[in-house]
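Morning, everyone. I have one structure to walk through today. Please take a look at it first.

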Amino acid sequence: MDLLFDIHTHTIASGHGTHATITDMAKAAKNAGLEMLGISDHGPKTLGGGKLSYFRSLKFSAKERLGIKMLYGAEVNILDNKGTLDLPAEVLSGLDFVIASLHRPVKKPGDIKENTACYIEAMKNPYVNFIGHPDDTHYPVDYQTLIKEAMKHNVVLEINESSLRPDGYRGDTKFNDMMILELCKHYDYPILLSSDSHGTSHIGSFTNALDLIELAQFPRELILNTNLKSLNSFLA
């Protein structure tokens, strides 16, 4: 299966010990055979995450590097049960895309009802395009409700390769990811495959996610990564 882009990736601006620059990431994307790369560094509430000035400057960055089309976004933190994000609207409006995620160092996990509500409130933000790693076992959710609300707000859930790797730290997420795939297949709604690569090591790598895609017999046409026009149309 030809996967054309990876847009959940992190540079040195996210901290976490990686020293990769945007240019380093573009080189890795080119080596992986991708056509497009998205940079989505962590918001400022993540320890070592990007500052407001960094995200404000992204709109002036090159739209192509080394022949790779570039998108510049953010993985913002959901801060509370009201869906508050750690970047203001005036910054979010200048980004190409926004991934909203729950992270344990920032927001303590709640029960199913609370976690689901957190995601739904974040999806109501007009600048949020994707929900990051909604498979995290530490944040149990009602997937039926979550996907119905995602459809209502034109937000896509991701299947996160980092969650599925043997060294993943979100627990055994396979069952949760299969729930997402089966429900999205049922509702004929797309998903996003993401490497969540911190640095260059895993850019364009979706091995474990593709194993689940095959197991679920998930339709190729519902995978955003297979069609640049579908992504651009969705973001527009």
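This is a predicted model: local features need pLDDT of at least 70, side-chain atom pairs count only at pLDDT 80 or more; totals for chains, interfaces and linings use all residues.

Start with helix α5, residues 143-153, and helix α7, residues 174-187. How do they meet? Their axes come within 10 Å and cross at roughly 50°. The crossing of α5 and α7 is right-handed.

Which residues make the contact? From α5, we have Tyr143, Gln144, Ile147, Lys148 and Met151. From α7, Asn176, Met179, Ile180, Leu183, Cys184 and Tyr187 take part. By type, the contact residues split into eight nonpolar, two polar and one charged.

Now the salt bridges. How many does the structure hold? There are nine. I will take three of them.

Glutamate 90 has 47% relative accessibility, so it counts as partly exposed. Arginine 56, at 38%, is also partly exposed.

Next, glutamate 114 and lysine 107. Their closest N and O atoms are 3.0 Å apart. Is lysine 107 buried or exposed? It is buried, at 8% relative accessibility. Glutamate 114 is partly exposed, at 27%.

Last, lysine 174 bridges to aspartate 172, at 4.0 Å between the closest N and O atoms. Lysine 174 is partly exposed at 45%, while aspartate 172 is exposed at 57%.

Terms used
Residues are numbered from 1 along each chain as its sequence is written. Side-chain values use heavy atoms; hydrogens and water are left out. Axes are lines fitted to C-alpha atoms, for helices over the stretch in contact, and angles run from 0 to 180 degrees between N-to-C directions. Helices (H or I, at least four residues) and strands (E, at least two) are DSSP runs, numbered from the N terminus. A crossing is left-handed if the near helix is turned anticlockwise from the far one by less than a right angle, and right-handed if clockwise. Contact means heavy atoms within 4.5 Å. Ala, Val, Leu, Ile, Met, Phe, Trp, Tyr, Cys and Pro count as nonpolar, Asp, Glu, Lys and Arg as charged, and the others, Gly among them, as polar. A salt bridge is a side-chain nitrogen of Lys or Arg within 4 Å of a carboxyl oxygen of Asp or Glu. Buried means under 20% relative accessible area, exposed over 50%, partly exposed in between (1.4 Å probe, protein chains only).
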